[in-house]
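Biologist: Could you take me through how the two chains of this model meet, one question at a time?

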Number of protein chains: 2
Amino acid sequence: MEALEVIFKHRSIRKYKKNSIPDDILLNILKAATRAATNGNMQLYSIIITTDEQDKKELFPLHLNQEMVLEAPVLLTFCADLNRFTKWCLYRNANPGYDNLLSLMSAIADTILAAQNAIIAAESYGLGTCILGTTLYTAKEHIKFFNLPKLVLPFISITIGYPDEDPPLTDRLPLEAVIHPGKYQDYDEKTIDIYYQEKENLDIYKDIVKENGLENLAQVFTEKRYTKKDNEEISIKLWEIIKEQGFFQYNE
Amino acid sequence: MEALEVIFKHRSIRKYKKNSIPDDILLNILKAATRAATNGNMQLYSIIITTDEQDKKELFPLHLNQEMVLEAPVLLTFCADLNRFTKWCLYRNANPGYDNLLSLMSAIADTILAAQNAIIAAESYGLGTCILGTTLYTAKEHIKFFNLPKLVLPFISITIGYPDEDPPLTDRLPLEAVIHPGKYQDYDEKTIDIYYQEKENLDIYKDIVKENGLENLAQVFTEKRYTKKDNEEISIKLWEIIKEQGFFQYNE
């Protein structure tokens, strides 16, 4: 399929058929992931492949019981990985300095670039995908389950399988809302109104606002989906885990 | 071009022809970026478009004088952006809680997913791209130059233009080195030897080792390219900037 067609047809798939993914296709999806650009060609990521039913059952609660973890034939967990590169240096009498914030950020970039290539490759084969942000929410449990050593952080997981649903494209803000020619143009009440108007007027969102007995769509996010309380609780845990995994050795 | 062909042909392009990119193509590249998956459809990124020659001259030193910043007709700077979403909440009587580590990580994921879509879209038009990691190195200067408000972090920049070079594909580790079926299999001296052997034996790297008067390729990374000293100095600055930009309000 044409690259632009794949990109412009993308929507998350949350229901999958039982068919497994042929080995050669899965292999090519993984190879596609490794062709993405990577900082200094260091490939600062690892990809954990889950196909075993028992493993999926154990990962299911870690992803807050999202059914697609059980349904999808393949779950890929993309980890920022500075362990392999550091070990290489250590075995070569070289002094590695990759237990720090910049290296973690570089590894996260490598990881997500590879993940998006995997998504596009999968979709070009007619497969559906969904990114699970829950990997970070339960990073500690993921680390334990996958036996992740220091300098490895599980970042996002992706379910892959043959779609058993055909949802419409998801809405997006008008392009003008997210691009800035030359300099960043900050948002004021007037531009926020203009950019969010179309979204706020969609029936699907109006229904959600009503069902939840709230005033508007923004409150659905702040009161229900991504609350300050949840975000802060998870952030505190995540910060501890990032330190435990050894990414802030230099200023301790 | 077929999606897989684009992915498997990717290599960074650092020399560009003078031709500018037609507006409709640039627009479609930007639209492609916005079709990537995004956490809760929040679109936690902004894309700054630099085409002005004077702007490029000012950004040139911020990217450590990499010539492609001046040569490429377009430079896109992808920023993790929790400002727009937060402002939307504030103007809607909703209580935002996005000034924290988890939200920053979610925004970074959104940002890189969008960036990789832009890269693939650009390459499907026969354009070449190169990711500049230097954006994070000089995040403070980028913030000042682009007038970035709090809750916006410049993350990566991408040069885009018609290629004026045709470099070969870059080597990658064998796929087995980066994938882990089921659980993470940690690396020991033996597996590191196996996985890095092919890379270490490439003539291009042997020459670089020799030119630098070092023992091996790992030392080229630790002594020349990504040194502990540089990484730590940049990490300390970056950490300050992340706090200054308001991403750690909750535990201060």
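Biologist: Which strand of chain B is joined to strand 5 of chain A?

Modeller: This is a predicted model, where local features need pLDDT of at least 70, side-chain atom pairs count only at pLDDT 80 or more, and totals for chains, interfaces and linings use all residues. Residues are numbered from 1 along each chain as its sequence is written, chains are lettered from A and ligands numbered from 1 in the order in which they are written, and side-chain values use heavy atoms, with hydrogens and water left out. Strands are DSSP runs of E with at least two residues, numbered from the N terminus, and two of them pair if DSSP finds at least two bridges between them. Here three bridges link strand 5 (residues 179-181) of chain A, running parallel, to strand 1 (residues 45-50) of chain B.

Biologist: How many salt bridges does the rule find across the interface?

Modeller: A salt bridge requires a side-chain nitrogen of Lys or Arg within 4 Å of a carboxyl oxygen of Asp or Glu. One pair that qualifies is A:Lys87 with B:Asp186, whose closest N and O atoms are 3.0 Å apart. Across the interface of chain A and chain B, the number of salt bridges found is six.

Biologist: How many residues does chain A bring to the contact?

Modeller: Contact means heavy atoms within 4.5 Å. On that criterion chain B supplies 115 residues, and the number taken from chain A is 115.

How values were computed:
Helix = DSSP H or I, 4+ residues; strand = E, 2+ residues; numbered from the N terminus.
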